[in-house]
Amino acid sequence: MFDEQMISMYIEGIFGTLYMTLVPTFFGYVLGMPLGILLTITDKNGIKPLPKVYKVLDFVSNIIRSVPFLILLIMLMQVTKSIVGKSYGNDAMIIPLTIAAAPYIGRMVEASLKEVDKGVIEAAQSMGASTWTIVTKVLLTEARTSLIVNATIVTATILGYSAMAGTVGAGGLGAIAVRYGYNRFQPDIMMVAVVLLVILVQIMQGIGMMISRKLDRRRS
């Protein structure tokens with residue numbers, strides 16, 4: 001089982017999984033971070049209450065998050081093909097993975113920012129701080145530990161999505177598990193792929209928690 005060809009396949013699967021995890025997570029934050037901030041500040045208890053804007057953002061994010069990832073992936077195949085030129089492979093999976101990640105990240109960011117003590121926000125407002133200053137200097141700074149912890153959860157979730165994508169033409173460890181473990185009835189190969197996925201998740205969680213502990217001023 002562990003001949004040179006299999007080892008090479010697993011290594012390629014690891015890099016494919018990391019690619020389909022980290023790249024969509026990055027682009028997901030490019031879209032999801034502003035979404036989370038807008039959801040926070042336009043809420044009825046936010047620093048700039050805009051109920052209509054909040055309802056639209058809330059509705060859109062909930063609709064996308066409600067669609068199971070595999071269904072969303074299939075629905076977006078034509079969109080993916082028009083952008084990437086094909087609807088299969090690691091590059092093609094970046095599009096649906098990013099779209100699936102963005103609203104999820106937005107909600108996680110919203111949850112983190114709403115944990116910030118309202119007294120700190122009110123103090124900044126009383127000193128005449130602008131909305132931009134409150135967001136960048138108060139909300140994001142005070143919530144940084146929670147943001148890192150939630151980013152760790154997000155990354156592990158996207159890794160799970162990338163493994164699901166292996167059932168419809170993606171690469172990575174998920175594809176190895178499906179192609180060999182399920183289609184070719186080789187459970188030993190599938191088990192190794194699953195173990196590697198678990199190890200990757202544990203490593204990511206370990207790194208995220210280590211960073212969050214270092215940023216947590218309560219431990220300094």
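A salt bridge here is a side-chain nitrogen of Lys or Arg within 4 Å of a carboxyl oxygen of Asp or Glu. By this rule the count comes to 4 salt bridges.

A quick word on the ground rules. This is a predicted model, where local features need pLDDT of at least 70, side-chain atom pairs count only at pLDDT 80 or more, and totals for chains, interfaces and linings use all residues. Residues are numbered from 1 along each chain as its sequence is written, and side-chain values use heavy atoms, with hydrogens and water left out.

| Salt bridge | Closest N and O atoms |
|---|---|
| Asp-43 with Lys-114 | 2.9 Å |
| Arg-107 with Glu-110 | 2.7 Å |
| Lys-114 with Glu-110 | 2.8 Å |

Because they share partners, salt bridges tie Asp-43, Asp-58, Arg-107, Glu-110 and Lys-114 into one network.

Let's walk through it. The Asp-43 and Lys-114 pair links distant parts of the chain, 71 residues apart. Asp-43 sits in the loop between α1 (4–41) and α2, while Lys-114 sits in the loop between α5 and α6 (118–126). (Helices are DSSP runs of H or I with at least four residues, numbered from the N terminus.) Asp-43 has 12% relative accessibility, so it counts as buried (under 20% relative accessible area, with a 1.4 Å probe and protein chains only). Lys-114, at 38%, is partly exposed, which means between that limit and the exposed class, over 50%.

Arg-107 and Glu-110 both lie in helix α5, 3 residues apart, or about one turn of the helix. Arg-107 is buried at 14% relative accessibility, and Glu-110 is buried at 6%.

Now for the helices themselves. Two packed helices are described by the angle between their axes and the distance between the axes. How do α2 and α5 pack? Helix α2 (residues 51–66) and helix α5 (residues 90–113) meet at an angle of about 130 degrees, with their axes 9 Å apart. That makes α2 oblique to α5, since angles under 35 degrees count as roughly parallel, over 145 as roughly antiparallel, 65 to 115 as roughly perpendicular and the rest as oblique. The axes are lines fitted to C-alpha atoms over the stretch in contact, and angles run from 0 to 180 degrees between N-to-C directions.

Which residues meet? From α2 come Tyr-54, Asp-58, Ser-61, Asn-62, Ile-64 and Arg-65, and from α5 come Ile-99, Pro-103, Tyr-104, Arg-107 and Glu-110, with contact meaning heavy atoms within 4.5 Å.

Methods:
Helices (H or I, at least four residues) and strands (E, at least two) are DSSP runs, numbered from the N terminus.
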